[in-house]
Each structure stands twice: as structure tokens, then as C-alpha cells.
Amino acid sequence: MKPFLKWAGSKYKIMERILATLPTGRRLIEPFAGSGAVFLNTDFEEYLIADTNADLINLFKQIQLHGDDFIHYGSTLFTPENNSESGFYTLRSEFNECADLTRKSALFIYLNRHCFNGLCRYNSKGKFNVPFGRYSKPIFPSEAIANFHKKSARAIFEVADFKATMDKATEGCVVYCDPPYAPLTATANFTAYTQDKFGLHEQRELASYAAKLTALGIPVVISNHNTEFTRSIYSEAKLTSFDVQRFISSNSNNRNKAAELIAVYG
Ligand SMILES: C[S@@+](CC[C@H](N)C(=O)[O-])C[C@H]1O[C@@H](n2cnc3c(N)ncnc32)[C@H](O)[C@@H]1O
């Protein structure tokens, strides 16, 4: 099932690789949900899906609660008038001031499909600041949202830092972690998903949380770039790496091949 959001670092295209490493269990915990690619393409009885991006998690909750009504409402924003520079900046300003969760969630999908490269980036005041994307005819992803709604009956969605989410793991859980990528080089760090910074300290903390859960008998799988740094912090895990064509940079000259690493604890 294809996620309905464009998301930097989405694992949709490498699902087969991830599925091959995921242990079985009753409940899947995803502390770094993003577009929910792993949630949508696995078959656990229950899910705990969390992320620090409150706009993202509120959207998932709105879809869970309102299904078809939300689909109908959200689709009304996809008009030719709104696919213009002035329409885009008016709706982006509205999003940044909006307190109504249903309206804000519909606007979030509108922004995801109309902004530059489908990026999700906020300024230091927490305001969404990605410019207009100039797509000829953005499509409202009705079917993919309907699929998400069906699947959401098995899920709990939470706005939380990864440590709080991982602390909720109990016997029978499997934890799949897809943190913001560790940098390939000192200057190429793409961490602007939310206002929170996810640096080398947090990468190390995640690795030690994984080791802690493994000691309790809870398996943990982590995805990341394959670098000397990641191989060293995941040294207690079984490592698999492979190449993937990745489009993380807004500069098309930087669309390079990055090697992907999967660390399996337990
Ligand atoms: C690489 S993306 C996940 C992509 C997802 N697996 C997919 O396939 O679409 C990383 C996510 O981590 C979230 N994030 C960043 N810092 C976090 C933190 N401290 N705790 C939890 N989530 C965090 C970001 O908001 C982002 O959605």
C-alpha cells in the first residue's frame, strides 16, 4: 500500500528489504512514523505509531476518526485556483494560524502535495515555510487515505519523542525505528523534519535504547545510512547493507546514491 504523503526518507521503495528483517510479534511499535510506509505494509494485530511531528500525528488521528467525511472535505482544497502561487501562500498562512484540527489536517495534505518537493520544514517559530512547488495538477490521494483509514482501526497514534514511545514496549512487541538519517558527511545533514534537532547524541541514545529493549527480550530493528559512525553505534546488532537511489536533496545535482543500513537487535 502506497502512503498518501510524500515524505523525506520514506521507506516505501525498500519495503521488501525491511520486511525481510522484521521479526514476528503481536504489536509493532514505530517511534518515527513519517508517512507510515511500514505500518501500511505489515500485518501486525496492533500498532503504536508515534512521531514528534504533531501536524502529522493529528492528521493520522483525523483520518482514523472521520474516514470518508475527511476524504470528501480534504479533496475540496484541490482546485485550480488553489494551485497558484497566491492560493498556495494564502493557504500556507492559514495553516500556520489554524487551531481547528480537521481544517489543519486537510491543509497539511494540501501543502504536502503543492509545496516544493513535498518537503515538510518549519522555521524557528514552528511555522511551515516550504515554498510553492509548481506542479501541473496535484492529485488528492483519496484511495490511499481510505486504505490508511481501514488500517488505522488497529492503531494508536501518539505525538511523542522516541524514548517515551520505546518505554511503552512490552513482551510481544517488535520495534521498528527509522530515525532522521545520520549525516553522510559533516555538512550534509538533513534534519529539518520538525523543530527538534536529531543529532549524533540522539543517534547514540537510540542505539542504547535498542540494546536496552533487546536485553528485555523485545526485538528492535533500526534503519539508517551505512556509515562508519552508524556501524560503530550499532555494533551490538546484526547488520545488513545495500545501495539505494535516494532523493533527499533539494539540489538535483546532489541526488546521489546512498548506502542503507539495517541493524537488527535481538
Ligand atoms: C526518516 S523519517 C521516517 C520515515 C518513515 N519510516 C516512512 O517510511 O515514511 C523520520 C521521522 O522521525 C521524526 N522524528 C524526528 N525526531 C524525532 C524524535 N526525537 N522522536 C520521534 N520522532 C522523531 C520526524 O518527524 C520524521 O517523521
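Modeller: Asparagine 117 has 16 C-beta neighbours inside 10 Å and therefore counts as partly exposed. A residue is buried with 20 or more other C-beta atoms within 10 Å of its own, exposed with 12 or fewer, and partly exposed in between, the C-beta atoms being placed from the backbone. This is a predicted model, in which local features need pLDDT of at least 70, side-chain atom pairs count only at pLDDT 80 or more, and totals for chains, interfaces and linings use all residues. Residues are numbered from 1 along each chain as its sequence is written.

Colleague: In which loop is asparagine 117 found?

Modeller: Asparagine 117 is not a glycine, yet has a positive phi of about 60°. Helices are DSSP runs of H or I with at least four residues, strands are runs of E with at least two, and both are numbered from the N terminus. Asparagine 117 is found in the loop between α5 (101-114) and α6 (142-151).

Colleague: Does arginine 134 count as buried or exposed, and why?

Modeller: Arginine 134 also has its place in the loop between α5 and α6. Its phi is positive, near 55°, in a residue other than glycine. Because arginine 134 has 12 C-beta neighbours inside 10 Å, it counts as exposed.

Colleague: What percentage of the 266 residues in the chain do buried residues make up?

Modeller: The chain has 9 helices and 7 strands. Along its principal axes, the C-alpha trace spans about 55 × 40 × 30 Å. Of the 266 residues in the chain, the buried share is 38%.
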